[in-house]
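Here is a short report on aromatic rings and their neighbours. Look at the structure first, then read on.

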Amino acid sequence: MTLVTFYIAFIYASTVIGLLGFAEAVLVLSAFFFLLYLKRQVHAALQIPITVADAGGKVTVKLKAENKSRVPVMRIRYHIRSGNLFERKQRGKWQSGDSVYYGKNVYYNYFYPADVGNYVFELDRIRVYDLTGLFYMTKRVFKTASVLVLPEPVDVELRISERTRNFYGDADVYDDFHPGHDSSEIFDVRPFRAGDRIQRIHWKLSAKNDELLIREDSQPCACPLVLCLDGWGRRRKRSRQFYKRYLSVAAGVVFSLMDVQCPHYVAWYSESRQDVVRIRVDDEESYYMFLTGYLEDCYTKAPLEIKQLYKEKYRFDHPMHWITFTTDMNLELNDSVIARLNDRKWKDRLAELEIIL
């Protein structure tokens, strides 16, 4: 527009039109530098207050914008990319925000995830508009947040034998109710009784209390079972229902083992560490630790079988049983396939299955 004004002033040799074109040029430059100033004064961030949700539940996405200038920004737009890591692709969308005044401003968006997995939200850029709301400048941000949508565990029938329940081995966790034979940890100290061995007398406490006291050793709560979960190669794509089924069955096996009070390790190949990792599960807290850890870091296919990598890393651990759940939907117990869950009748097969350990 300014160039057109100068062109007309040149054709008609008009000083007045030339001055008008000069005023337009000053106005455009002033608007440009003013918008540049607003762009530098506005900062945006992304936050998800509750980072765990159920499929179909409401997830709150908090957009925070801080304006360090006294001049309000009448319009701002946020470009947010989001996607489930199981699908390995993200979709971008522009979202309009309200006016950004001096200080901190908070806006809320809501998201309803339909599938389980790890949803990552990335605020990669914003558009800061001038007072007219017509012209804008784009600012790069790169703020991320994630939410874990947990699977619903399916029921898995388990029967634990006394041999498995009384499995003895090394562990960092000890039985709170029964003494054992691990002398590295003291279970209790009690008065001496007839028939007690002299080697078990706690001489220091006995001298202090002026009576003979017996030291009872602790019983380590070793894990008789290891559950190996296959990783997900990035080149192989699966349907949403496949991921949902796999995660539901894996969560169901872990939850059922916890429910029958069978402590166990869950092992998988970590993308961030490039190594096999494990989590001990024996209560609800450790169960949810497994779910969050697995959903955050299970997106790389292991170079070797998980069981082989586990034996190499934890060579002093000798569990009684191995359960492997492959990405081909085969459930294996001690290298024998006990259930194939890769078709539509997988629920019927799982309902008829009873795992005896």
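Does Trp268 count as buried or exposed? At 3% relative accessibility, Trp268 counts as buried. Buried means under 20% relative accessible area, exposed over 50%, and partly exposed in between (1.4 Å probe, protein chains only).

## Basis

This is a predicted model: local features need pLDDT of at least 70, side-chain atom pairs count only at pLDDT 80 or more, and totals for chains, interfaces and linings use all residues. Residues are numbered from 1 along each chain as its sequence is written, and side-chain values use heavy atoms, with hydrogens and water left out.

## Ring pairs

Rings of Phe, Tyr and Trp (its six-membered ring) pair if their centres lie within 6.5 Å; planes under 30 degrees apart count as stacked, over 60 as edge-to-face, the rest as tilted. This rule gives eleven aromatic pairs. One of them joins Phe111 and Phe121, edge-to-face, at 5.2 Å centre to centre and 80° between the planes. Phe111 sits in strand 6 (residues 103-111) and Phe121 in strand 7 (residues 117-129), ten residues apart. Strands (E, at least two residues) and helices (H or I, at least four) are DSSP runs, numbered from the N terminus.

Phe111 is partly exposed, at 22% relative accessible area. Phe121 is buried, at 5%. Trp268 and Tyr294 have ring centres 5.4 Å apart and planes at 90°, so this pair is edge-to-face. Trp268 lies in strand 13 (residues 264-270) and Tyr294 in helix 6 (residues 284-296), so the pair ties together parts 26 residues apart in sequence. Tyr294 is buried, at 2% relative accessibility.
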